[in-house]
Amino acid sequence: SMGFFSQQIKVVQIDPENTVTIRRLTFGESQQVISESTVFDIISETASLDFAKNQAAKMRLGIVSWDGPGFEGREVNGENVSALPADVGRVILQAIDALGAGLSAADQKK
């Protein structure tokens, strides 16, 4: 079993040639994502979550690296993450969410 502080990393296969390495966000980073994506309305005095900002922040923090010709040698940064095709973005985001939700029972037995 892994210690709480060891970095949990997973390689996501986008297609036969392209992979993205993601990591599980720490508690502090998860809080940062919430903080960055919470919009406060001064008039109504309510806070709401900006879903798009929330996803963008998660992606920016969760992607460690990517590899393959599809990424055209571009570095991982907010701008390039935003420029990914929607379907590729969704695959990566789902993987980050799944990793954040905890390891499956099968992974825990390893």
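These legends describe close-up views of one predicted model. Residues are numbered from 1 along each chain as its sequence is written, and side-chain values use heavy atoms, with hydrogens and water left out. Local features need pLDDT of at least 70 and side-chain atom pairs count only at pLDDT 80 or more, while totals for chains, interfaces and linings use all residues.

**View 1. The largest nonpolar core holds 15 residues.** A nonpolar core is a set of buried Ala, Val, Leu, Ile, Met, Phe, Trp, Tyr and Cys residues joined through side-chain atoms within 4.5 Å. Buried means under 20% relative accessible area, exposed over 50%, and partly exposed in between (1.4 Å probe, protein chains only). Val 20, Ile 22, Met 59, Ile 63, Trp 66, Leu 84 and Ile 92 touch the most other members. Strands β2 (18–23) and β5 (63–67) and helix α4 (86–100) each supply at least two core residues. Six come from α4, the largest share. Helices (H or I, at least four residues) and strands (E, at least two) are DSSP runs, numbered from the N terminus. In soluble globular proteins, nonpolar side chains tend to be buried together.

**View 2. Strands β1 and β2 form a hairpin.** Two residues lie between the strands. β1 covers residues 9–15 and runs antiparallel to β2, with six bridges joining them. Strands pair if DSSP finds at least two bridges between them. Val 12 stands opposite Val 20 in β2.

**View 3. Helix α2 covers residues 51–62.** Its 12 residues should span 16 Å, and its end C-alpha atoms are 16 Å apart, which agrees. The expected span is 1.5 Å times one less than the number of residues. Asn 54, Ala 57, Lys 58, Met 59, Leu 61 and Gly 62 are the buried residues of α2. They pack against several elements, including β2, α1 (27–37) and α4. Contact means heavy atoms within 4.5 Å. Asp 50 caps the N-terminal end of α2, with a side-chain oxygen 3.1 Å from the backbone nitrogen of Ala 52.

View 4. A salt bridge is a side-chain nitrogen of Lys or Arg within 4 Å of a carboxyl oxygen of Asp or Glu. Arg 60 meets Glu 36 at 3.2 Å, N to O. Lys 58 meets Asp 97 at 2.8 Å, N to O. Lys 58 counts as buried at 18% relative accessibility, whereas Asp 97 is partly exposed at 35%.

Technical notes. Polar contact = N/O pair within 3.5 Å; in protein donor to acceptor, adjacent residues only side chain to side chain.
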